[in-house]
Amino acid sequence: MLRTHLCAEIGEELIGQRVEVCGWCNTYRDHGGVVFIDLRDHSGIVQLVCDPESSAYKQANLVRDEFVLLASGLVRARGAGLENPKLKSGKVEIVLENLTIENRAKTLPISINDENTSEELRLKYRYLTLRAKKSYDIFKMRSDISMAARNSLQKMGFLEVETPILTKQTPEGARDYLVPSRVHNGSFFALPQSPQLFKQLLMVSGFDRYFQIARCFRDEDLRADRQPEFTQIDVEMSFCTQEDVMHTCEVLLQDVFAAVGVQIATPFARLPYAQAMEKYGSDKPDLRYGLELVEVGDAFLDSSNEIFAQIAKDTQKQRIKALCIKGGDSLFSRKSLSEAEEFVRGFGAKGLAYIQLKDEPKGPLVKFLSPSGLQTILERTGAQQGDIVFFGAGDKRVIWDYMGRLRQKIAKDLGLIDKDKMAFLWVVDFPMFERSDDGSVAALHHPFTMPKNLEQDDIESIESIAYDVVLNGVELGGGSMRIHKDSIQKQVFELLGISEQEAREKFGFLLDALSYGAPPHGGFAIGLDRLAMLISGAGSIRDVIAFPKTQRAACPLTEAPSAVGEELLRELHIRLRKQS
């Protein structure tokens, strides 16, 4: 090695010893002929000192920011009052004897630690922003998470198996990335959205307990917590129940958090999907604060407002939700009320009704309510003088969405979130299917999830044995028990409108495998990127991925995706259409 120590390892115990260090020039200073260089590596910074009498002095005068340096010298204590408590090596310095400029650096196009630089530019020069100590610490933590996950699962008897990256295109919810085959004219591979089908095949193979730190790909619209390629801790197990799988996930997360110095309590709280939507307007609710949504439809049954009265009668598809903000009357000005209304309009609301609890209840809704209806609302929401109650009325899915978002916004704006708290939650009993506006039916998770009650007449009443694990309002991951009998799988395909021929074409290999004796099995996947983002406190999932894509699924660093030559396209039997 070119070094005897890392920069941050230089301490008082080394005073008087000769050491060799390497790294980048963080800063360079000339104080009356004495040159000071702050040398940086991934561990931290150490100060180098060079006097004019030193043989290294000529080289030291040539050093500039971000030059790559090899240095050696004697460790000595800094002078009284000259210590730097911000550095691990802040009580000592290295008196230079030899200095080599291993490589020079042009003037950097960005400042390494300047987070105000545009993200596009920071991603273009990602290898420079990764030089920051903060970045290294994030990836050190991410590495610790991966190692802890492997150790935890191995301790529980799981076997790590790699599944294919080039595979068959199958409908799993999002769009696939397709890879054209050169040797099979007109045919394509797909990059896996998850190892779902292969890990089920491993259970049929008798592997019993599988895991993988898996790369997955989805060609979907991106958000702050989404990337076209991502990593998940993927787990599957046989001869188990839902309780076994959830317990395994809790043990895994306990071990992972312990590896980064955080103790978490188990078992996690549980909440059925239906209750999560009714009380919080979300299937991944943040339980670090209250602000529960309260159903008050019956209070409007005798309302003089015909629209509210009609909504109140349709309890199957419609909802009237109330959200009480304690002390809110003094916290919401006319301007902030208008801003709240504008916010929910962005998510499908036609307006935002409210009641202010002053000496007498006031607001646009009061005149439409009977005295008994108003009393029902006050009692059910616990509203008192000084509070404000917001209302959402209409289609239940729209109401859940915008009232749930309003709940989150108000909690954030009013500072109601305990940022030191970790609220883990299992959301269970998800619907098996969801119906779109055009009447078509799709699997809420994926079509290989075990249903609980296929006999239901109403397809939307069929529940699945599925579960998501949530932390502070973020879905860490989830899973389900799988269909292990081909007869049930065929029934599910029928309900999804997948014909027998289509099922054979797309999933024939899975149906065949199930027919040869598949054990009961289930599993889960934890998003490693999201987990690292939450633990590190990073503002975006892109901060915890070494070379991420932008929100337009592009890489400014390599300029991918990019055009390819005509010769390669001919080899792949591809002809590009001109867009009209």
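Reader: What makes strand 2 and strand 3 a pair?
Author: In this predicted model, seven bridges join strand 2 to strand 3, residues 44-50. Two strands pair if DSSP finds at least two bridges between them. Seven bridges meet that cut-off, so strand 2 and strand 3 count as paired. The two run antiparallel.

Reader: How many residues lie between strand 2 and strand 3 in their hairpin?
Author: Two residues lie between them.

Reader: Why is strand 2 called mostly covered?
Author: Seven of its eight residues are buried. Buried means under 20% relative accessible area, so seven residues of strand 2 fall below that value.

Reader: What makes the five strands a barrel, and in which order do they run?
Author: They close in the order 1-2-3-5-4. The pairing is mixed. Neighbouring strands of this sheet are turned by 55 degrees against each other on average, direction ignored.

Reader: What holds paired strands together in general?
Author: Strands of a sheet pair through backbone hydrogen bonds, either parallel or antiparallel.

Reader: What share of the whole protein counts as buried?
Author: Of 580 residues, 48% do. The test is under 20% relative accessible area, so 48% of the residues pass it.

Reader: How many helices and strands does the protein have, and what does its C-alpha trace span?
Author: The protein has 15 helices and 22 strands. Its C-alpha trace spans about 95 × 75 × 55 Å along the principal axes.

Reader: What percentage of contacts joins residues 24 or more positions apart?
Author: Such residues account for 68% of the contacts with a separation of 6 or more. A contact needs heavy atoms within 4.5 Å.

Reader: How many positive and negative side chains are there, and how far apart are their centres?
Author: There are 72 positive and 82 negative side chains. The centres of the two sets lie 3 Å apart.

Terms used. Residues are numbered from 1 along each chain as its sequence is written. This is a predicted model: local features need pLDDT of at least 70, side-chain atom pairs count only at pLDDT 80 or more; totals for chains, interfaces and linings use all residues. Side-chain values use heavy atoms; hydrogens and water are left out. Helices (H or I, at least four residues) and strands (E, at least two) are DSSP runs, numbered from the N terminus. Buried means under 20% relative accessible area, exposed over 50%, partly exposed in between (1.4 Å probe, protein chains only). Lys and Arg count as positive and Asp and Glu as negative; His and the chain ends are not counted. The place of a charge is taken as NZ of Lys, CZ of Arg, CG of Asp or CD of Glu. Axes are lines fitted to C-alpha atoms, for helices over the stretch in contact, and angles run from 0 to 180 degrees between N-to-C directions.
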